[in-house]
Amino acid sequence: MLRSWRVKLKLLLATVTLAILLSWLYLFVGSLEYGRFLLLPPCLGEQPSRDVEREALASRVRRVEEENQQLRLQLSQAQTEGGDGSPQWGASAEDGDPAGGERSNRTACPKQRMVHKCELLHVAIVCAGHNASRDVVTLVKSILFHRKNPLHFHFITDSVAHQILQTLFQSWMVPSVHVSFYNADDLKAGACPHFPEVSWIPNKHYSGIYGLMKLTLTKALPSNLSKVIVLDTDITFATDIAELWAVFGKFSDKQVIGLVENQSDWYLGNLWKNHKPWPALGRGFNTGVILLLLDRLRRLGWEQMWRLTAERELMSMLSTSLADQDIFNAVIKQDPTLVYRLPCFWNVQLSDHTRSEQCYTEVSDLKVIHWNSPKKLRVKNKHVEFFRNLYLTFLEYDGNLLRRELFGCASLPSPPSDQLQQALEELDEDDPCYDFRRQHLTQHRVHLFFLQYEFLALPNPTDVTLVAQLSMDRLQMLEAICKHWAGPISLALYMSDAEAQQFLRYAQASEVLSARRNVAYHIVYKEGQFYPINLLRNVALANTQTPYVFLTDIDFLPMYGLYDYLRNSIQQLELPQRKAALIVPAFETLHYRLTFPKSKAELLSMLDMGSLYTFRYHVWPKGHAPTDYAKWRTATVPYRVAWQPDFEPYVVVRRDCPKYDQRFVGFGWNKVSHIMELDAQEYELLVLPNAFMIHMPHAPSFDISKFRLSAGYRGCLQTLREEFHQDLSRRYGAAALKYLTAERSL
């Protein structure tokens, strides 16, 4: 009888064990599925995948089920035999089951750290120049695509990257993303000129002095920041960065730096004869991905530690070859207990002579791709196409789709975002012009200076920049304009993420465009159904650096020598001492191939022969009629003209002129409203006698087609015009009444 109760007790224990295991498996899978938290893979460092974990759990459940079946069978045998003759397994089970039961329900792994979905993760990136600013956007996209946590990016930048990235993140407005900037120029030299931070270190690496900045992070980043993930700009994430953040929980008391082993033979010193690398532990470590425990590093005296090590090694090495990586490795060689070895999949290095294939052929779950070759995507690797496609996915990914809310996480107040949200909520969706008003409020991402741009910090006081905007279908005009205009150019390009990359390849392949360094390209990313023409003009205008601007459209070719002519005219007319707008008369041709006139005399001859026309004389004559082309034919000095309704000339004005009114999107009244405001501010309108520009033919835009075909479109444009007149009256008082009177008399 006693044996029967023991068997029943064993059956009860086995059943409870099975229930617990099944419940644990259900909750574990659920937590992974709905992203409540992330668990580190158990037992084998970072190597096992989630599938391996699930298989291990399923195996344990099957083992308990088998034991359960044996218990039921033996229980039935015991009940049949009654109280006589105990079988041998009963005694052995009594002795061994408690230990066996414990083995089936215990794990040798320590308790793993969880990352709560609302925990703020900190990421530091050193970024300098135009090219690195482009690269870092792709890195950020890959992080945002996978992330489930609030993020704080810490950018150590030069002045160029600061302007580009600050504008980009302000216009991107990604929820639960915070950004801080730190001046790299201060870190290069240090607060005290007698004790520079890193500028004293000779560096042969292509990253230059900025490749040494990561050494200064304990000092550069806020003193209350205890840990940070540090990334190179040529990194692509293939997983949630929170998984990497969770690894901090695996550091021992002495470990302060997390790194992946270098996946080349560089530090072994056998790449070529007399190759002498910096000292390193084994193959050394790659610093493209670093986990830093800043508080521990500060307590250890990190700044003095790396500085003394660098000074000692430079006595024989003379310079670094791999920038900060050489110094990190020399410090770790001196004290190996400082480093936590990250698994290889946290930094799969695609450089020349890489051994990374040994990593990704053994591991199915790659986390981070590192393009750490100067050749970047052109690196020699038989699997490079796979990695390149992963990179291109994020390179051309629509960044607007990454403006995702993190539900359940409190976010810091953002006045611009809150104001925009309030304005959107106040819109009436039943308003026939709702789409126009919605487009006006759309927040477009802006990437300034998309390509290399170089210009003198102190330009000539009469210098002038050509300002225009375009979309992908006008790209072919760029080379021709650059041939006609030698001066600085500021262009706003309305493109998708994928189109921006097509433009980049086009510009880099063009001999004309690649030779110019004074052309600023500002990408305004597509969003909404209307072409935001005046937003584009304002972006291009705001980012000029000369005192004067020539406000034109991309379809016009300026006459040869116009740049020099305008600078001379600004000086002769003493424009700095007066408020004036210089008008460049506009003409047009209907021929795609044109022998461009080299002088005013040639243009007048072509005008008389009918191969040129005054601009829009046959469809919109009042737009340019006030220029008085008849007077211009014989004029030898600038002459003044009066404003008239619908006048929209192309003008040269000071850079601080009024902005374009952004309520006008698509086709219609976008330039008219601007000239009207110039007149309201009492600008003189002066026609230049020896200047001209010619409009080249092109297919009608989508917006002009909508204007011509839609009565609702034209009705909304009229509504916007009336509202503009009211705003003008409020700003300029009685002086603006003439515009309302002129409008009503038409």
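I'll start with one cysteine: C657 is buried, at a relative accessible area of 7%. Buried here means under 20% relative accessible area, exposed means over 50%, and partly exposed is in between, with a 1.4 Å probe and protein chains only. Another cysteine, C127, is buried at 1%.

Some ground rules. This is a predicted model, where local features need pLDDT of at least 70 and side-chain atom pairs count only at pLDDT 80 or more, while totals for chains, interfaces and linings use all residues. Residues are numbered from 1 along each chain as its sequence is written, and side-chain values use heavy atoms, with hydrogens and water left out.

Now the disulfides. How many does the structure hold? There are three, a disulfide being a pair of cysteine sulfur atoms within 2.5 Å.

One joins C118 to C409, S to S 2.1 Å. The pair is 291 residues apart, with C118 in the loop between β2 and β3 and C409 in the loop between α13 and α14. Helices (H or I, at least four residues) and strands (E, at least two) are DSSP runs, numbered from the N terminus. C118 is partly exposed at 26%, whereas C409 is buried at 12%.

Another disulfide joins C344 to C359, S to S 2.0 Å. C344 lies in the loop between β10 and β11, and C359 in helix α12, 15 residues apart. The torsion about the S-S bond is about 85°, so this disulfide is right-handed.

C433 and C716 form a disulfide too, with their sulfur atoms 2.2 Å apart. At -100° about the S-S bond, the link is left-handed. Both ends are buried: C433 at 5% and C716 at 4%.

On to strands. Two strands pair if DSSP finds at least two bridges between them. Strand β24, residues 684-687, is covered on both faces: E684 and L686 are buried on one side, L685 and V687 on the other. β19 runs parallel to β24, joined by four bridges, and I583 has V687 as its bridge partner. β22 runs antiparallel to β24, with three bridges, and there R640 is partnered by L686.

Last, a separate open sheet of four strands, in the order β18-β25-β20-β21, with mixed pairing. β18 and β21 stand at the edges with a single partner strand each, so one side of each is left without a neighbour in the sheet. β18 runs antiparallel to β25 through three bridges, where P558 has M693 as its partner.
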